[in-house]
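These are a colleague's notes for someone opening this structure for the first time. Please read them with the model in view.

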Amino acid sequence: MKFFGNHQKQEYRKSLSFEIIFEARFHDILDIVTGIPTRFQSAMRDQGYPNFNVDVRGSNAVQGIIKQDLGEAPGLLNNFIFSSVDPNRPYRVTMSRNSISLDHRGSYKKDVDFKNRLMRVLDSFVDIYKCSKFTRNGLRHRNIANKYTTNNSQLNLSNIYSFPSRSVFPELYDGKIDELIYMDRLYLLQDNNVKVNALYSVGAVSGVYGLTQITNEPSYIIDIDCFCEANIIELKDVDNLYEDFENIYKNAFEWSVTDELRKCIQ
């Protein structure tokens with residue numbers, strides 16, 4: 001993808017990441033929701049995700065409609081969640097009838113570890129459920145730059161405005177930002193089968209970001225979602241897609257930041 005250019009990968013001492021997610025989708029596998037995933041749970045325990053939970057998706061109103069129109073439809077909206085117990089390594093595997101994902105919340109720098117974990121999870125999933133192909137694969141990196149992720153308690157909104165590159169927010173460089181409170185921008189890109197949603201925002205934000213609750217905190221958010229909607233049959237193709245997504249993310253991140261921000265995380 002040429003939009004972001006080709007940048008050399010930088011090694012940063014501090015991580016701005018607050019969440020990484022890889023999701024693979026597939027045609028409905030009813031065995032997942034009509035039975036108990038005991039074999040898959042055993043595989044996930046062996047891989048370091050011993051905590052098990054079932055999350056019923058959808059509002060009560062949706063649940064009521066399903067029960068009325070389709071009967072009880074047990075488990076059709078269930079998410080099966082397998083998570084790690086180490087608070088410093090908060091990985092989570094989520095499986096439903098038509099998707100499986102791995103996510104990590106909080107600061108993160110070891111992308112190779114995430115990929116290795118992902119491929120082991122997918123290998124177990126394919127072996128147990130005989131999934132013949134994936135219809136969508138996506139990798140999303142979510143980053144936030146503020147006083148918590150840079151460990152600089154002196155950062156204010158003016159400092160944060162110096163973090164986005166001119167390419168992302170040229171308005172920040174015209175000298176007329178006194179009235180600015182918050183700004184965001186979404187870039188939708190496509191290169192053959194690969195698509196990218198690149199969302200940027202700058203201003204004061206509130207909420208839970210990764211493992212941190214923040215309130216009205218000046219921040220710069222870089223949210224890069226790369227995905228491919230095509231039939232993928234071999235796991236090696238998922239592996240190759242992952243590498244393509246990582247390269248796009250690397251270029252998008254470097255395209256999005258200034259030297260002022262780089263100095264804060266090097």
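1. In what sense do strand β4 and strand β5 pair, and over how many bridges? In this predicted model, strand β4 (residues 91-96) and strand β5 (residues 99-105) pair in the antiparallel sense, and the pairing runs over 6 bridges. Within this pair, Val93 has Leu102 of β5 as its bridge partner.

2. The two strands belong to an open sheet of 9 strands, whose pairing is antiparallel and whose order is β2-β3-β4-β5-β1-β6-β9-β8-β7. At the edges of the sheet stand β2 (51-56) and β7 (182-191), each of which pairs on one side only. From one strand to the next, the twist averages 15°.

3. Helix α4 (residues 111-129) packs on this sheet, where the helix touches β1 (17-25), β4, β5 and β6 (136-145). The direction of α4 makes about 155° with that of β5.

4. Strand β6 deserves a separate look. With β1, strand β6 pairs in the antiparallel sense over 8 bridges, and in this pairing Ile21 stands opposite Arg140 of β6. Strand β6 is also joined by 9 bridges to strand β9 (residues 212-228), and these two strands run antiparallel; here Gly138 has Phe227 in β9 as its bridge partner. Because 8 of its 10 residues are buried, β6 is largely enclosed by the rest of the structure.

5. When neighbours within four places in sequence are left aside, Phe40 is in contact with Phe82, Val93, Met95, Ile100, Val121, Ser124, Phe125, Ile128 and Tyr129. Among these contacts is Val93, the residue whose bridge partner in β5 is Leu102.

6. Is Asn251 buried or exposed, and why? Asn251 is found in helix α6 (residues 235-256), and this residue counts as buried because its relative accessibility is 4%, where the cut-off for burial is under 20%. Not counting residues up to four places away in sequence, Asn251 touches Phe4, Gly5, Asn6 and His7.

Methods. Residues numbered from 1 in each chain as written. Predicted model: local features only at pLDDT ≥ 70, side-chain atom pairs only at ≥ 80, totals over all residues. Heavy atoms only, no water. Helix = DSSP H or I, 4+ residues; strand = E, 2+ residues; numbered from the N terminus. Buried < 20%, exposed > 50% of the residue type's maximum accessible area, 1.4 Å probe, protein only. Contact = heavy atoms within 4.5 Å. Pairing = 2+ DSSP bridges. Axes fitted to C-alpha atoms, helices over the stretch in contact; angles between N-to-C directions.
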